[in-house]
Amino acid sequence: MNARRMTEGRIAELAEAWGGDVRRWPEGEREAARAWIEAHPDAADRALFEARQTDAALDAAPRLAVSAALRDRVIASAVGAGLRVRAAWPGLRRLLWLGGAGWAAAACAGVVFGATLSGHLALERQVEAVLDLASMTGLDDTAVLG
Amino acid sequence: MFGRPACPEGDRLVAATDPDEELLRRVGQGDPAAIQAMVGRKLPRMLALAYRMLGDAVEAEDVAQEAMLRAWKQAPRWRPGQARFDTWLHRVGLNLCYDRLRRRREVPTAMPPDRPDPGPAPDRGLLAAELGARVHRALQALPQRQREAVVLCHYQELTNIEAAGLMEVSVEALESLLSRGRRTLRLSLADLAPGAEPAGEGGRG
């Protein structure tokens, strides 16, 4: 396909398939297509007109927003999936307190029971750690990745 | 578990610059901020993919949640350089959609789901909502492979090599699917084009 000569017909084919934005066209033909469009602006407009209309129509389709409930379920599922979530700073003191409570329970009720309880609390705490962080405003990829 | 891309060379090139790699590494280490950022980055994409493919908001949420769950499981053992994470996640999401579409065929329902959701934003108005609903219905009426091609290339903005790899076809075959899909959509929505006769009010002459 790379060696194909660019013609008005081929431009029309590309537009019909890939849409009116040349950046979405196959890389091997993009440069030749751009050159042809620059050299034949009127013919290019004719060839691209319907494709741009179809693009606009597609963009009018409704978008589904992510609900807070779905976001929270997905975040909580990270812990359920076995990720060992590290504590976030805002909840660290509570984590230490809960850890102490877990050990106290182990001392009273026996090692097996205590271990189970600590595990349960730790799991809850992991979920809370991620959800705490999720509730902080202004945190995005830039904040996370620097 | 998943098939290899149709163009391994092209995939290696994109894998070398996987923009999700660093974030995914931190997710695998259980970094809460990274998990939060990954949800912000990928959950809307998975939800959009599933909604366009299935046409149903509830099912789309289920698929998006399941795809993200599989991402969490995969994160600690992800090996960089094999494929782009986004492409892998689309493969997972598509497979979940295929499963649901297959189940629908096995257990026919009275009507395919068609619930454009949520409603129009306050500043859009009724006409925009009607147009959106028309496009949504037209998209859902496309044959599955044509719809998949349009969804991956137009809405998910995957490169043609990525989309072809996911669909396990050549770029030329993908182009053919797109052409047919977009042509059908254009004909379905022809009455909405400027200067066209409104639907249901008779044809020309």
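In which helix of chain B is the place of Ala37(B)? Ala37(B) sits in helix H3 of chain B, which covers residues 32-54. The model is predicted: local features need pLDDT of at least 70, side-chain atom pairs count only at pLDDT 80 or more, and totals for chains, interfaces and linings use all residues. Residues are numbered from 1 along each chain as its sequence is written, chains are lettered from A and ligands numbered from 1 in the order in which they are written, and side-chain values use heavy atoms, with hydrogens and water left out. Helices (H or I, at least four residues) and strands (E, at least two) are DSSP runs, numbered from the N terminus.

**Chain A**

- Chain A contains 7 helices and 0 strands.
- Along the sequence, the pattern of chain A reads α-α-α-α-α-α-α.
- Of the 146 residues in chain A, 35% are buried; buried means under 20% relative accessible area, exposed over 50%, and partly exposed in between (1.4 Å probe, protein chains only).
- Among the contacts in chain A with a separation of 6 or more, 57% come from residues 24 or more positions apart, where contact means heavy atoms within 4.5 Å.

**Ala37(B)**

- Ala37(B) has 5% relative accessibility and therefore counts as buried.

**Aromatic pairs in chain B**

- Over all chains, the count is 3 aromatic pairs; rings of Phe, Tyr and Trp (its six-membered ring) pair if their centres lie within 6.5 Å, and planes under 30 degrees apart count as stacked, over 60 as edge-to-face and the rest as tilted.
- Trp78(B) and Phe85(B) form an edge-to-face pair, because their ring centres are 5.5 Å apart and their planes are at 90°.
- Trp78(B) and Phe85(B) are both buried, Trp78(B) at 14% relative accessibility.
- The pair of Trp78(B) and Trp88(B) is also edge-to-face, since the centres lie 5.8 Å apart and the planes stand at 75°.
- Trp78(B) is in the loop between helix H4 (57-74) and H5 of chain B, and Trp88(B) is in helix H5 of chain B, so this pair ties together parts that are 10 residues apart in sequence.
- Trp88(B) has a relative accessible area of 13% and is buried.
- Through ring pairs, Trp78(B), Phe85(B) and Trp88(B) are linked into a cluster.

**Packing of H5(B) with H7(B)**

- Helix H5 (residues 85-106) of chain B packs with helix H7 (residues 144-155) of chain B at an angle of about 155°, and the axes are 13 Å apart.
- Axes are lines fitted to C-alpha atoms, for helices over the stretch in contact, and angles run from 0 to 180 degrees between N-to-C directions.
- H5(B) and H7(B) are therefore roughly antiparallel to each other; angles under 35 degrees count as roughly parallel, over 145 as roughly antiparallel, 65 to 115 as roughly perpendicular and the rest as oblique.
- H5(B) contributes His90(B), Leu94(B), Tyr98(B), Leu101(B) and Arg105(B) to the contact, and H7(B) contributes Gln144(B), Arg145(B), Arg147(B), Glu148(B) and Leu152(B).

**Arg145(B)**

- Arg145(B), in helix H7 of chain B, is partly exposed, with a relative accessible area of 33%.
- Beyond its neighbours within four places in sequence, Arg145(B) is in contact with Tyr98(B), Met167(B), Val169(B) and Leu177(B).
- Arg145(B) and Arg70(B) are 75 residues apart along the chain, and their C-alpha atoms are separated by 24 Å.
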